[in-house]
Amino acid sequence: MEDAIQFEKMIKEFSGFKLGPLNFTLEPGKVLGYIGPNGSGKTTTMQCLTGLLRPESGYVKIFGEVNDPNETGWKSKIGYVGDKHVFYENWSCARNLKFVSQFYPSWSDKRAEDLIKRFDLDANKEVAKLSKGNRAKLSLIQALAHDPQLLILDEPMDGLDPVIRSEFTNVLFEVIENEERAIFYSTHITSEIGRLCDELAFLDNGSLKLKTEKETLLEKWRTISFQSTNHDLKLPGVVEQKVSGNEFIIKTQDFESTLTALRELSISDITETRLSIEDIAIHILKGGRNVESL
Amino acid sequence: MWNLFKAEVSYNKWYLFMILAMPLLFAFGMQYGFKLITGVDFFEKYAWSILVGLGSYMFIFIMWQMRHSERRNMQHALLPIPIVDIALARMVFGVLPFAYVLVVLSITHQLLGEIIEVQLYRIFAQLGLLFCGLAFIQLMMDIWSLKTNMNEKNWFLIIGSIGCLIVFISMFAVFEILIPAYRQLFREGEEWMFFLWGLILLTASNFVFVKRSTFLQ
């Protein structure tokens, strides 16, 4: 099966900013969390992916088709929730949905109605009078009602309350039940994607620092506590070290090799805990020492 | 393309209705000789067409501002339709109110005869000039859209586009020179030339739109 997304040497440049070259893929059935601080190039990546921006070089393929804005096949396969929600402002939500529905053969009014109920949205309300959160809801309904094969989400939970966030996450889990679909999820709030993502990609200042399986990342990155009288330890994979007396607390990006080294030094009473994705993201995006790159 | 166009017409129906109603209202007022102040004709022979024109442009301006502020191009570019269809829908929607005003003026002229003294026999020339104006605005907006996306390559694109505009304007100058010769051949037929040039420029603006490197506005 074709990759849901394929970035091939894609570069996008503005004055004073360069995104890429990006080279990575997203397989169907997977959820990729695209993590980076504000201004790192996440939204630009999304805009290149959806054809709103043309890259200077390289290309993006969606299910094997180059995302030429003049071609329609790939566009009907995607659902997009961007950082800006664009509608006919003086029309009601229902009228806006009706307008969009005519362009998608796979559009389901029943699914749209179901989502309106689940997200508790007043369909008869004029879009111009909607709150930021409700605009995001309408955008999500619009993106989901045609049952897209690829869902592209750029900070989709921005402005949503916790109840709707939870409902939205449930809907995404339903989307991914079908293994032919994929989700590309950009955010700077890592707590949003911990449960959902299979893979994580970290972007900083326009370049991709790391793309890996979430489980691999959580396996490799650990906090280790131990005691040692030797204060001059050289341990592999360590990205942060705190020493208080003989008590060491280290953070490692390569748990296995750090553990092996500690055992070789005959250090016992080792306790280890997993790091949160947020902690890992901070280390990777800060350009932490020895962080492996792609 | 027609779905986009229909949506735009439906969304702007009140503005379009006002543009539609104005010439008829004024023509009606003229027909029955309404007076604004005792002894002063409200609809002077030339003033009414100026009022209708200004009023129409005001509503057209509001519609275009709204289209721009609501990022209509971005909204449409995300739909599974070719960009060229968006360009065509934009063009037809832009042309429609202008064309309508002129057609209504023409009809009222026919109906009311000598009461309205407007040079309506040049309707195609006027339409052509309006098309040129619209194409120019569209081209400038397309060029301006590069601002969000600027690097050296785009600078060259901007310079190239401005160069093309200068060429177009120069061609108009040539055109003016050619008019006397054209008149000799076809008599009062230069309005067709303006009309043709309007269509050529609109086509050029559509081409630039399709080649845009950003659809964020």
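Visitor: What makes α3(A) and α5(A) count as being in contact, and which residues meet?

Guide: In this predicted model, Arg111(A), Leu115(A) and Arg118(A) of α3(A) meet Ile164(A), Glu167(A), Asn170(A), Val171(A), Glu174(A) and Val175(A) of α5(A). Contact requires heavy atoms within 4.5 Å. By class, the residues of this contact are four nonpolar, one polar and four charged.

Visitor: Why are α3(A) and α5(A) called roughly antiparallel?

Guide: The axes of α3 (residues 109–118) and α5 (residues 162–177) of chain A come within 10 Å and cross at roughly 150 degrees. Angles over 145 degrees count as roughly antiparallel, so α3(A) and α5(A) fall under that term.

Visitor: What makes up the contact between α2(A) and α4(A)?

Guide: From α2(A) come Cys93(A), Leu97(A) and Val100(A), which meet Leu138(A), Ile141(A) and Gln142(A) of α4(A). Five of the residues in this contact are nonpolar, one is polar and none is charged.

Visitor: How many cavities are there of 30 Å³ or more, and what is the volume of the largest?

Guide: The count is two cavities of 30 Å³ or more. The largest cavity has a volume of about 250 Å³. Among the 20 residues lining the largest cavity, those closest to its centre are Tyr80(A), Tyr104(A), Gln142(A), Gln75(B) and Leu78(B).

Visitor: Which elements give two or more residues to the lining of the largest cavity?

Guide: In chain A they are β6 (78–81), α2 and α4, and in chain B α4 (72–77). The largest share, four residues, comes from β6(A).

Visitor: What classes of residue form the lining of the largest cavity?

Guide: The lining has 12 nonpolar, six polar and two charged residues.

Terms used
Residues are numbered from 1 along each chain as its sequence is written. Chains are lettered from A and ligands numbered from 1 in the order in which they are written. This is a predicted model: local features need pLDDT of at least 70, side-chain atom pairs count only at pLDDT 80 or more; totals for chains, interfaces and linings use all residues. Side-chain values use heavy atoms; hydrogens and water are left out. Ala, Val, Leu, Ile, Met, Phe, Trp, Tyr, Cys and Pro count as nonpolar, Asp, Glu, Lys and Arg as charged, and the others, Gly among them, as polar. On a 1 Å grid over the protein atoms alone, a cavity is a set of points where a 1.4 Å probe fits but cannot get out, and a pocket is an open set with protein on both sides within 12 Å along at least five of seven lines; lining residues have an atom within 4 Å of a point. Grid points are joined across faces, edges and corners, and a volume is the space filled by probe spheres set on the points. Axes are lines fitted to C-alpha atoms, for helices over the stretch in contact, and angles run from 0 to 180 degrees between N-to-C directions. Angles under 35 degrees count as roughly parallel, over 145 as roughly antiparallel, 65 to 115 as roughly perpendicular and the rest as oblique.
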